[in-house]
Amino acid sequence: MSHKQEPIKGTQGDVTTADNAKSWFYTDVVKDHFFNPRNFMHADAHEEDFNAIGKVGSPACGDELRVWMKVDPETERITEFRWKTFGCGSAIASTSMASEMVTENGGMTLDEARALKPQDIMERLGGLPQRKFHCSVLCDKALRDAINDYYRRIEQFDKIIVEASRIIDPVSKVTDKDIEEAVLEGAHTLELVQQKTKVGIGNPGCLPAVEEIIRFYKEKYFG
Amino acid sequence: MKREVYLDHAATTPLHPAVREVMLPYLGEKFGNPSSFHSIGKIVKDDVDTARARIAEILHARPDEILFTSGGTESDNLAILGYARKNQQEGKHLITTTIEHHAVLEAMIHLEKKEGFEVTYLEPDREGLISVDQVEKVLREDTILVSIMYANNEIGTIMPIADMGNMIQKWRDEHKRPFLKFHTDACQTPEYLDLDVEKLHVDMLTLNGSKMYGPKGMGLLYLKRGIKLQPLQFGGSQERALRPGTEHVAGIMGMAKSLELAQANREEESVRLAKLRDAFIEGIQSRISKTRLNGHPTKRLPNNVNISIMDIEGEAMILYLDAEGVYASTGSACTSASLDPSHVILALGLPYEVAHGSIRFSLGASTTEEDLAYVLEVLPPLVEKLRSISPVRVDEKYFV
């Protein structure tokens with residue numbers, strides 16, 4: 001799967017850290033979106049002009065993402081998608097890319113947007129360093145949150161999809177499903193699961209529950 | 001051409017040309033092994049001895065008290081693991097702080113979790129200082145080692161090491177606990193502070209070549225005569241068998257030269273950089289709203305500027321600065337590959353969002369007023385750009 005590949009090396013000035021260059025470089029596409037973010041919410045924009053809002057994360061985990069969406073009520077296509085994020089380079093680039101993907105070619109329908117996966121965003125970015133996978137998960141979640149908000153506002157409650165999973169950490173909005181995925185991807189300790197999902201980093205109270213779930217899935221799949 | 005401004009000297013420094021010069025013969029014709037009995041080896045052994053003696057002289061130590069290692073991490077590990085393991089029959093209590101370098105912290109955590117030691121982690125005040133009283137209060141009959149850094153690598157706070165050392169010495173005499181020892185990691189200090197081990201009253205002191213315009217992969221541990229360590233590696237009898245292995249001769253020669261240069265110029269350079277530092281801090285705070293200087297305003301390394309810029313995330317800022325040719329870091333280079341915010345900024349009692357927004361500029365020998373003026377010119381628009389895409393507004397109680 002694309003998100004597990006080594007990121008493609010860019011052609012100029014790769015961004016690396018001092019101690020572990022290979023885990024860090026960003027592709028040219030990532031850098032382009034990072035340095036020239038598309039569709040972010042301008043200071044003079046009005047919230048009332050949008051008919052759906054989504055929010056996920058908290059600055060405590062180093063990432064907070066808010067999205068504002070305009071949906072055409074006739075076609076249910078996303079005509080505008082704006083965002084703000086307190087996040088690293090990958091978070092900015094992922095959200096910028098997602099905002100292009102859902103609005104290009106006349107915009108995705110809400111159903112199409114729901115079918116969008118974090119992996120799709122990663123693929124368009126040409127890969128992200130593995131430890132930054134959660135950034136694309138974050139914008140996927142904000143998008144889903146906004147879609148639910150749209151249906152809530154037009155009172156089509158049956159269309160709201162509450163993921164068949166339980167939120168374990170209300171701060172990072174990490175669910176038991178996220179933890180299951182992390183375990184499947186090889187994160188078998190609390191530390192590794194936190195690296196992938198950031199669960200409990202801003203909310204340590206949930207950690208005993210998280211450890212319980214990790215143990216459960218570890219035994220289920222690898223036991 | 002784009003201007004390039006390197007402001008990450010706390011991570012590493014370039015090799016001083018004069019240091020490179022003294023190293024070159026040992027990468028060429030002077031290739032002998034100091035342990036060999038023939039002339040080729042003897043020449044090199046004499047040079048290593050001279051370098052060791054020179055270093056000892058600078059530190060006010062004896063040549064046999066200088067152990068060469070592979071760097072700051074190894075010296076810290078050797079001091080802490082080596083001393084604790086060898087002397088555990090005298091007590092199993094260790095004292096350190098929550099803002100040490102990971103080379104100290106992880107060694108302490110290891111001893112605590114795996115080898116049955118008890119560790120007291122002292123918490124700094126809001127400005128990153130640990131007081132002598134704080135240390136004295138937690139000393140116990142079974143305390144065998146106190147390890148506190150001379151100056152913090154992230155926020156530049158200078159600890160009262162000489163006073164702590166003095167107090168520990170007195171406590172040791174009064175309580176008749178000769179096995180109580182004091183180690184300090186001084187990696188960040190040779191360019192600016194006094195390294196006289198007698199004045200500092202330290203029993204062990206760590207230095208690192210790559211932070212003082214010397215070679216990378218080169219460090220030393222000052223180990224006071226009479227202190228017993230359990231080595232971390234085994235082999236020949238080099239470095240009194242406490243750190244066996246053929247000497248990194250070029251590194252040793254370079255280390256001696258770099259330490260000599262650093263200590264010779266330290267007073268002048270401290271004055272020059274402190275002036276630049278203070279003007280730079282002032283410049284940032286007058287041009288950018290909502291910032292917070294992390295660390296102590298005056299008890300601070302002259303080359304350290306650590307500032308939290310609210311509402312934005314440090315890594316994004318570093319990458320934007322990188323594109324402008326300005327090389328700074330978030331926290332320490334050692335932590336920037338992990339997602340967690342700096343343990344040092346968090347230890348100051350600041351929330352995650354403030355820690356996430358911290359940037360460290362560390363000045364050095366090449367830093368000029370023009371360099372900093374350039375940073376002051378490019379930084380504000382970058383902050384503005386990142387703030388415009390950030391939804392976070394940090395509570396003002398953390399920056400006023």
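In chain B, helix 2 and helix 8 come together through two sets of residues: V44(B), D47(B), V48(B), A51(B), R54(B), I55(B), I58(B) and L59(B) from helix 2 meet V249(B), I252(B), M253(B), M255(B), A256(B), L259(B), E260(B) and Q263(B) from helix 8 (contact means heavy atoms within 4.5 Å; helices are DSSP runs of H or I with at least four residues, and strands are E runs of at least two). These contact residues divide into 12 nonpolar, 1 polar and 3 charged.

This is a predicted model, where local features need pLDDT of at least 70 and side-chain atom pairs count only at pLDDT 80 or more. Residues are numbered from 1 along each chain as its sequence is written, and chains are lettered from A in the order in which they are written.

How do the two helices lie? Helix 2 spans residues 39–59 of chain B and helix 8 spans residues 249–287, and they pack at an angle of about 30 degrees with axes 9 Å apart. The pair is therefore roughly parallel (angles under 35 degrees count as such). Their crossing is left-handed.

Stepping back, the domain assignment of chain B gives domain 1 (5–13 + 267–398) and domain 2 (17–261). The C-alpha centres of these domains lie 29 Å apart, and their contact takes 36 residues from domain 1 and 30 residues from domain 2.

Now over to chain A, where UniProt, in an unreviewed entry, places the feature "domain: BFD-like [2Fe-2S]-binding" at residues 173–214. Over residues 173–214 of chain A, the chain is 60% helix and 5% strand, and the end C-alpha atoms are 17 Å apart.

How values were computed: Heavy atoms only, no water. Axes fitted to C-alpha atoms, helices over the stretch in contact; angles between N-to-C directions. Parallel < 35°, antiparallel > 145°, perpendicular 65-115°, else oblique. Left-handed = near helix turned anticlockwise from the far one by under 90°. Nonpolar A, V, L, I, M, F, W, Y, C, P; charged D, E, K, R; others polar. UniProt positions renumbered as here; feature names shortened; annotations may be inferred. Domains from an automatic or database assignment.
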